[in-house]
Structures are given as C-alpha cells and as structure tokens.
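Please look over the model shown here with its charged side chains in mind.

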Amino acid sequence: MVTTDTTSQVNECTAWRERLHAHRDELNQLTQELESVSKGKDNKDILTEVEHFQNQFYIQQMNFHDLNHAIKSHAQKLTAEGNQHPPETIAEHETLLGQFNHLEDTLEKLTEEFNGFKSKL
C-alpha cells in the first residue's frame with residue numbers, strides 16, 4: 001500500500017533503503033559462501049554454475065545500488081514538494097514500491113537456487 005502524506009512516504013523510503021542495505025549484506029555473505037564452497041572445484045559443470053552465481057550476485061548488487069539511489073532521490077523530492085505532490089510523484093512512489101518488491105522476490109529466488117546448488121556439492 002502506498003501512503004499519501006509526505007512523512008509516511010519518506011518513512012517508507014527510509015525503511016526500503018534500510019532493507020536494501022540488509023539485502024546487500026546478505027548478497028555479500030552469499031558471495032563469500034560461493035567462494036568458500038567453490039574452492040578446489042574443477043568440474044566444468046560446477047564452475048559454470050559458480051560463474052552463473054557470481055554474475056547474478058553482481059547484477060543484484062548493481063540493482064540494489066540503483067534502486068537505493070532512486071529511492072533516495074525520490075525521498076528528497078517528496079520532502080522538497082511538501083504536501084503538494086503531483087500525480088507523477090505518487091506514481092513514482094508506487095513504481096518504486098513495485099521495483100522494491102520485485103527485487104526482494106528476485107533475491108529470495110536466487111538464494112533458494114544457490115542453496116540448492118550448495119546442497120549438490
């Protein structure tokens with residue numbers, strides 16, 4: 001749900017950014033786990049999956065960074081507008097919420113996929 005008063009919207013943005021930072025830390029941990037479990041492996045199929053996860057973790061880190069920046073800019077815009085938000089700002093808030101939720105879903109699926117990979121080793 002998207003709230004309409006400035007304080008609530010800015011607080012939502014802050015909460016989203018805090019969760020993005022936590023997810024970034026999660027990705028860093030997954031990256032370290034990947035390095036640990038892949039040491040000494042030389043099977044081509046395993047190395048292909050390792051590369052896949054390295055790429056996915058990097059891509060998601062960039063996605064987190066970009067979304068964090070967009071949310072920060074949006075919160076600054078909300079504050080500057082006061083209580084007079086044009087429809088575009090409300091639509092942007094809804095779009096960012098959708099992107100945030102999608103990114104969380106993506107991380108959850110990627111984590112599940114990675115855990116499945118680790119269990120095969």
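What follows describes salt bridges in this predicted model.

## Salt bridges in the model

Side chains of opposite charge can pair when their charged atoms come close. In this predicted model the count comes to five salt bridges, and among them are the pairs described below.

## Pairs between helix α1 and helix α3

Arg19 and Glu104 form a salt bridge through their side chains, with a nitrogen-to-oxygen distance of 2.5 Å. Because Arg19 belongs to helix α1 (residues 6–38) and Glu104 to helix α3 (residues 87–120), this pair ties together parts of the sequence that are 85 residues apart. Arg19 is partly exposed, with a relative accessible area of 40%, whereas Glu104 has a relative accessibility of 16% and counts as buried, the limit for that class being under 20%.

The side chains of Glu33 and Lys118 also meet in a salt bridge, at 2.3 Å from N to O. Here Glu33 lies in helix α1 and Lys118 in helix α3, so this pair, too, ties together parts that are 85 residues apart in sequence. Glu33 is partly exposed at a relative accessible area of 22%, and Lys118 counts as partly exposed at 26% relative accessibility.

## A pair between helix α2 and helix α3

Lys77 forms a salt bridge with Glu92, and their closest N and O atoms are 2.8 Å apart. This pair links distant parts of the chain, with Lys77 in helix α2 (residues 44–81) and Glu92 in helix α3, 15 residues apart. Lys77 counts as partly exposed at 36% relative accessibility, and Glu92 is likewise partly exposed, at 26%.

Note on methods:
Residues are numbered from 1 along each chain as its sequence is written. This is a predicted model: local features need pLDDT of at least 70, side-chain atom pairs count only at pLDDT 80 or more; totals for chains, interfaces and linings use all residues. Side-chain values use heavy atoms; hydrogens and water are left out. A salt bridge is a side-chain nitrogen of Lys or Arg within 4 Å of a carboxyl oxygen of Asp or Glu. Helices (H or I, at least four residues) and strands (E, at least two) are DSSP runs, numbered from the N terminus. Buried means under 20% relative accessible area, exposed over 50%, partly exposed in between (1.4 Å probe, protein chains only).
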